[in-house]
Amino acid sequence: MRSISLAHLTVLDAGPLDLIDAGAAGGFDAIGLRIVPPLPGDTIVPVVGDIPLQRRIKERLAATGIRILDIEAIWLSPQTAVDDLEPALDVGAELGARHVLTVGFDVESARLLDNFGRLCTLANARGLRPMLEFIPYATIADLGSAHELLRQAAPRDAGLLVDALHLSRSGGSPADIAGYDPGLFSYIHLCDAPAARPPASGFRAEARAERLYPGLGELWLDAFLDAFAPDTPVGVEAPSTAFASCSPMERARRAGDATRQLLARNAAARP
């Protein structure tokens, strides 16, 4: 079965150590750790610069067997100073992360291209692979736009991150994946949702708080999984206000159980 990672957004109220514990409790293999605020005003538990916390994170990872799949989330906005992100990239590499999640959020295409290329250079130098995620309410809003930015930047090593919800809400489908190099997709984001799309004004609210755990909605998740190599890791990103009263551990258990059931059914159905 595919390895599964608990994306931080699923239990965003959990600090780094609680996130690791939640991942272990939910039977996850890895976590996605948020160490960069995506946008001004977003809050995180500071990891960069806190050496004692970094040490405790390493100890907890070793004790639980959990690894860090990716660090997040670098939104490349007009205000982004890419060189200022070097300490975050250093911490990600030090903690053993393999990828850094980034989003294009700048309407000035030349500046966005330059910043993305610079980020890729800095990340690659530290053994990190940037994963460009398209989001319907960001500047890079669909798979084609994300691939075009990647093509223009031509980094040494970078990939595309496809989230099932964002693919659906951007008007895409699993069939679209076949048109791209499979090597671009180091891992994917999985959740579920009603088949009917909300109005575009509701995309952000749905993505941040109204997702369903995998297999509990109406998206084409079997076809989505089948569109990628069978060993492609799955990051479960499914924040849900329906379970807001549950502890991070309980939410992780529910998300992990639902994901494993879906993956087992999907694997059993493969030829």
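Student: How many aromatic pairs does the count give?
Tutor: This is a predicted model, in which local features need pLDDT of at least 70 and side-chain atom pairs count only at pLDDT 80 or more, while totals for chains, interfaces and linings use all residues. Residues are numbered from 1 along each chain as its sequence is written, and side-chain values use heavy atoms, with hydrogens and water left out. Rings of Phe, Tyr and Trp (its six-membered ring) pair if their centres lie within 6.5 Å. By this rule the count comes to 6 aromatic pairs.

Student: Which kind of pair do the rings of Y213 and F243 form?
Tutor: Planes under 30 degrees apart count as stacked, those over 60 as edge-to-face and the rest as tilted. The ring centres of Y213 and F243 are 5.0 Å apart and the planes lie at 10 degrees, so the pair is stacked.

Student: How many residues apart are Y213 and F243?
Tutor: Helices (H or I, at least four residues) and strands (E, at least two) are DSSP runs, numbered from the N terminus. Y213 lies in the loop between helix 7 (203-209) and helix 8 (221-226), and F243 in the loop between strand 8 and helix 9. The pair thus links distant parts of the chain, and its members are 30 residues apart.

Student: Which kind of pair do the rings of F224 and F228 form?
Tutor: Ring pairs link F185, W220, F224 and F228 into a cluster. The centres of the F224 and F228 rings are 5.2 Å apart and their planes stand at 75 degrees, so the pair is edge-to-face.

Student: Is Y213 buried or exposed?
Tutor: Buried means under 20% relative accessible area, exposed over 50%, and partly exposed in between (1.4 Å probe, protein chains only). F224 and F228 are both buried. Y213 has a relative accessible area of 3%, so this residue is buried.

Student: How is the barrel paired, parallel or antiparallel?
Tutor: Strands of a sheet pair through backbone hydrogen bonds, either parallel or antiparallel. Two strands count as paired if DSSP finds at least two bridges between them. The closed barrel has 8 strands in the order 1-2-3-4-5-6-7-8, and its pairing is parallel.

Student: Which residue of strand 8 does L190 stand opposite?
Tutor: Strand 7 (residues 188-190) and strand 8 (residues 234-236) run parallel and are joined by 3 bridges. In strand 8, the residue opposite L190 is V236.

Student: At about what angle does helix 9 run to strand 1?
Tutor: Axes are lines fitted to C-alpha atoms, for helices over the stretch in contact, and angles run from 0 to 180 degrees between N-to-C directions. Contact means heavy atoms within 4.5 Å. Helix 9 (residues 248-269) lies across strand 1 (4-7), strand 7 and strand 8, and its angle to strand 1 is about 145 degrees.

Student: Which residue of strand 3 is the bridge partner of G32?
Tutor: Strand 3 (residues 67-76) is mostly covered, with 9 of its 10 residues buried. Strand 2 (residues 30-34) runs parallel to strand 3 and is joined to it by 5 bridges. The bridge partner of G32 in strand 3 is D70.

Student: Against which elements do the buried residues of helix 1 pack?
Tutor: In helix 1 (residues 16-25), 7 of the 10 residues are buried. These are P16, L17, L19, I20, D21, A22 and G23. They pack against strand 1, strand 2, helix 2 (51-64) and helix 9.

Student: Is E237 buried or exposed?
Tutor: E237 is placed in the loop between strand 8 and helix 9. Leaving aside neighbours within four places in sequence, E237 is in contact with residues including E133, D163, H189 and R211. The relative accessible area of E237 is 5%, so this residue is buried.

Student: How many disulfides are there?
Tutor: A disulfide is a pair of cysteine sulfur atoms within 2.5 Å. By this rule the count comes to 0 disulfides.
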